[in-house]
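Thanks for sending this one over. Here are my notes, as numbered points, to read alongside the model.

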Amino acid sequence: MFTIDVNGVDHTVNVAEDKPLLWVLREDLKLTGTKFGCGQALCGACTVHLDGQPTRSCVLPIAAVGQRRIETIEAMAADAIGQQVQRAWQEMNIPQCGYCQSGQIMAATALLTEIPSPNDRDIDEAMSGNLCRCGTYARIRRAIHQIADDQR
């Protein structure tokens with residue numbers, strides 16, 4: 001049995017210690033905004049924040065979470081930077097199929113929280129683990145720059 005802090009709320013789950021966090025979020029807590037992509041931490045669709053750091057939840061066993069704070073895409077509506085990212089995503093029509101977007105938004109929010117005015121290299125490094133089959137990378141980069149410009 002594990003007690004985890006998800007989006008500021010403690011949840012107790014009775015699951016196997018090797019169950020990936022992604023499936024605890026989706027199956028046990030019904031937080032389905034975090035997506036399953038590759039299952040090997042390669043595509044970034046399953047990205048959540050663990051103590052503010054973007055983390056692939058598909059390969060992270062629940063036993064490894066400990067007391068760290070988990071934030072999912074569902075919490076981004078209450079996060080000031082997360083709100084800006086979601087608004088920019090809508091205004092710049094970034095989502096195409098949309099499948100990777102929760103992971104993209106989580107990665108962009110973590111980047112802008114850590115580096116309020118990222119350069120292209122910062123953006124490329126931060127977003128490189130989030131794959132988009134639709135190829136919206138240029139729009140994602142413009143959106144991140146626009147958010148940084150708006151914050152100045």
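How close do the axes of helix α4 and helix α5 come, and at what angle do they cross? I'll take that as point 1, after a word on the ground rules.

This is a predicted model, with pLDDT of at least 70 needed for local features and pLDDT 80 or more for side-chain atom pairs, while totals for chains, interfaces and linings use all residues. Residues are numbered from 1 along each chain as its sequence is written, and side-chain values use heavy atoms, leaving out hydrogens and water.

1. **α4 against α5.** The axes of α4 (residues 120–127) and α5 (residues 137–151) come within 11 Å and cross at roughly 120°. Helices here are DSSP runs of H or I with at least four residues, strands are runs of E with at least two, and both are numbered from the N terminus. Axes are lines fitted to C-alpha atoms, for helices over the stretch in contact, and angles between N-to-C directions run from 0 to 180 degrees. α4 and α5 are therefore oblique to each other (under 35 degrees is roughly parallel, over 145 roughly antiparallel, 65 to 115 roughly perpendicular, the rest oblique).

2. From α4, Asp 120, Ile 123, Asp 124 and Met 127 meet Ile 140, Arg 141, Ile 144 and His 145 of α5, contact being heavy atoms within 4.5 Å. By class that is four nonpolar, one polar and three charged residues (nonpolar: Ala, Val, Leu, Ile, Met, Phe, Trp, Tyr, Cys and Pro; charged: Asp, Glu, Lys and Arg; polar: the others, Gly among them).

3. **α3 against α5.** These two pack at about 35°, their axes 11 Å apart, again with a right-handed crossing. Gln 104, Ala 108, Leu 111 and Leu 112 come from α3, and Ile 140, Ile 144, Ile 147 and Ala 148 from α5. Seven of these residues are nonpolar, one is polar and none is charged.

4. **α3 against α4.** Here the angle is about 135° and the axes are 9 Å apart, so α3 and α4 are oblique to each other. The crossing of α3 and α4 is right-handed. Gln 104, Ala 107, Ala 108 and Leu 111 of α3 make the contact with Asp 122, Ile 123, Ala 126 and Met 127 of α4. The tally is six nonpolar, one polar and one charged.

5. **The sheet.** Five strands form an open sheet in the order β2-β1-β5-β3-β4, with mixed pairing (strands pair if DSSP finds at least two bridges between them). β2 (9–13) and β4 (53–56) are the edges, each pairing on one side only. From one strand to the next the twist averages 40°.

6. **Helices on the sheet.** α1 (residues 21–28) packs on the sheet and touches β1 (2–6), β2, β3 and β5, its direction making about 80° with that of β1. α3 (residues 101–114) also packs on the sheet, touching β3, β4 and β5, at about 35° to the direction of β3.

7. **Around β3.** Four bridges join β3 to β4, and the two run antiparallel; Val 48 has Thr 55 in β4 as its bridge partner. The β3–β4 hairpin leaves two residues between the strands, and Asp 51 in the turn has a positive phi of about 50°. β3 (residues 47–50) also runs antiparallel to β5 (residues 69–71), joined by two bridges, with Leu 50 opposite Ile 70.

8. **An aromatic pair.** There is one in the structure. Trp 23 and Phe 36 sit 5.4 Å centre to centre with 40° between the planes, a tilted pair (rings of Phe, Tyr and Trp, the last by its six-membered ring, pair if centres lie within 6.5 Å; under 30 degrees is stacked, over 60 edge-to-face, the rest tilted).

Definitions and conventions: Left-handed = near helix turned anticlockwise from the far one by under 90°.
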